[in-house]
Amino acid sequence: MYLILLGAPGSGKGTQAEKLSKHLGIPHISTGDILRNNPDPRIQAILNAGKFVSDNEMIELVTNRLKQEKNGWILDGFPRTLTQADSLKAYHAQVLYFKIDDEVVKKRLSLRRTCSNCKAIYHLETKPPTNNSICDLCGGLLIQRNDDKAEVIESRLQIYHEKTAPLIAYYKKEGSLIEIPSSGTAEETYNTIIELI
Ligand code: ADP
Ligand code: AMP
């Protein structure tokens with residue numbers, strides 16, 4: 001099974017991808033996580049500013065990564081542009097579109113915390129860790145991503161609407177889009193996905 005998770009930053013893609021990966025037994029591939037692990041200061045500066053890494057670099061990265069997977073995948077964070085989407089055409093993937101309002105997303109992003117070690121995702125209100133800033137799963141330190149600061153959130157959402165939102169119509173036309181209402185709880189969203197895929 002090939003699944004593309006499409007939606008605004010903070011719409012819940014990473015949260016659902018983790019659950020789906022366990023349920024379906026296929027890997028969760030997050031381009032954001034891969035890039036955050038890249039020590040190149042040029043890449044880190046792009047991420048901190050909330051801008052996009054170039055299509056050429058992203059397509060090369062993802063094409064090579066997907067070649068290693070024979071039994072399917074869940075892609076989270078790619079494609080983000082029409083050019084990136086064209087590079088995946090041959091897979092005929094199902095696309096889950098996480099539909100949600102910007103205001104909800106802004107609140108989620110400002111309270112998101114991420115484990116610096118295992119990348120587990122928390123939220124200070126809806127999914128708080130048991131111990132303040134320590135990961136329940138691995139004991140790693142929880143951090144706020146640089147791009148989850150208020151001023152970067154605004155510009156990431158603007159870039160999302162300009163460059164990524166056109167993919168909704170693109171996949172609708174292809175007949176591969178499944179719309180997932182995403183402003184409910186994580187459990188409600190997960191149950192909807194399981195019903196629809
Ligand atoms: P994305 O991968 O799309 O950027 P995340 O999965 O990281 O989004 O979720 C963003 C934030 O919102 C995280 O702090 C996460 O814990 C929280 N979150 C995810 N899904 C829900 C939900 N359905 N209800 C409330 N909070 C959520
Ligand atoms: P994410 O973890 O999906 O929110 O991605 C974090 C950041 O990584 C984005 O804001 C971009 O700077 C970069 N990034 C991730 N995926 C892509 C992509 N497909 N194309 C361009 N940049 C990306």
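## The parallel sheet

Two strands are taken to pair if DSSP finds at least two bridges between them, and in this predicted model strand 2 and strand 3 meet that condition, with 3 bridges joining the two strands in parallel. Within that pairing, the bridge partner of Ile29 in strand 3 is Leu75. Strand 3 is also joined to strand 1, again in parallel, by 4 bridges, and here Tyr2 stands opposite Trp73 of strand 3. A further 5 bridges connect strand 1 (residues 2-7) with strand 4 (residues 94-99), which run parallel, and Leu5 faces Leu96 of strand 4 across that pairing.

Taken as a whole, these strands belong to an open sheet of 5 strands in the order 2-3-1-4-8, with parallel pairing. Its edges are formed by strand 2 (28-30) and strand 8 (177-181), each of which pairs on one side only, and the twist from one strand to the next averages 25°. As a general point, strands of a sheet pair through backbone hydrogen bonds, either parallel or antiparallel.

## Helices on the sheet

Helix 1 (residues 13-24) lies across strand 1, strand 2, strand 3 (73-76) and strand 4, and runs at about 175° to strand 3. Helix 9 (residues 186-196) also packs on the sheet, where it touches strand 4 and strand 8, and its direction makes about 155° with that of strand 8.

Leaving aside neighbours within four places in sequence, Leu75 is in contact with Leu3, Ile4, Leu5, Ile29, Val62, Leu66 and Leu88.

The largest nonpolar core has 33 residues, and Leu75 is listed together with Leu6 and Tyr171 as having the most contacts inside that core. Among the elements that each supply at least two residues of this core are strand 1, strand 3 and strand 4, together with helix 3 (41-49), helix 4 (55-67) and helix 7 (150-164). A second, separate core of 12 residues includes Leu3, Leu5, Ile74 and Ile178. In soluble globular proteins, nonpolar side chains tend to be buried together.

## Surroundings of ligand 1

There are 17 residues around ligand 1, of which Gly14, Thr15, Arg112, Tyr122 and Gly184 come nearest. A polar side-chain atom of Arg112 lies 2.6 Å from an oxygen atom of the ligand, whereas for Gly184 a backbone N or O atom lies 2.8 Å from a nitrogen atom of ligand 1. Gly10 likewise places a backbone N or O atom 2.8 Å from an oxygen atom of ligand 1.

## Ser116 in its loop

Ser116 sits in the loop between strand 5 (112-115) and strand 6 (121-123). Is this residue Ser116 buried, exposed or partly exposed? Ser116 counts as partly exposed because its relative accessibility is 35%, a value that falls between the limits of under 20% for buried and over 50% for exposed.

Not counting residues up to four places away in sequence, Ser116 touches Leu141 and Ile143. A polar atom of the Ser116 side chain lies 2.7 Å from the backbone oxygen of Leu141. Ser116 and Ile143 are 27 residues apart in sequence, while their C-alpha atoms are 6.3 Å apart in space.

Notes. Residues are numbered from 1 along each chain as its sequence is written. Chains are lettered from A and ligands numbered from 1 in the order in which they are written. This is a predicted model: local features need pLDDT of at least 70, side-chain atom pairs count only at pLDDT 80 or more; totals for chains, interfaces and linings use all residues. Side-chain values use heavy atoms; hydrogens and water are left out. Buried means under 20% relative accessible area, exposed over 50%, partly exposed in between (1.4 Å probe, protein chains only). Contact means heavy atoms within 4.5 Å. A polar contact is a pair of N or O atoms within 3.5 Å; within protein, one must be able to donate a hydrogen and the other to accept it, and residues adjacent in sequence count only if both atoms are side-chain atoms. Axes are lines fitted to C-alpha atoms, for helices over the stretch in contact, and angles run from 0 to 180 degrees between N-to-C directions. A nonpolar core is a set of buried Ala, Val, Leu, Ile, Met, Phe, Trp, Tyr and Cys residues joined through side-chain atoms within 4.5 Å. A residue is near a molecule or strand if one of its heavy atoms lies within 4 Å of it.
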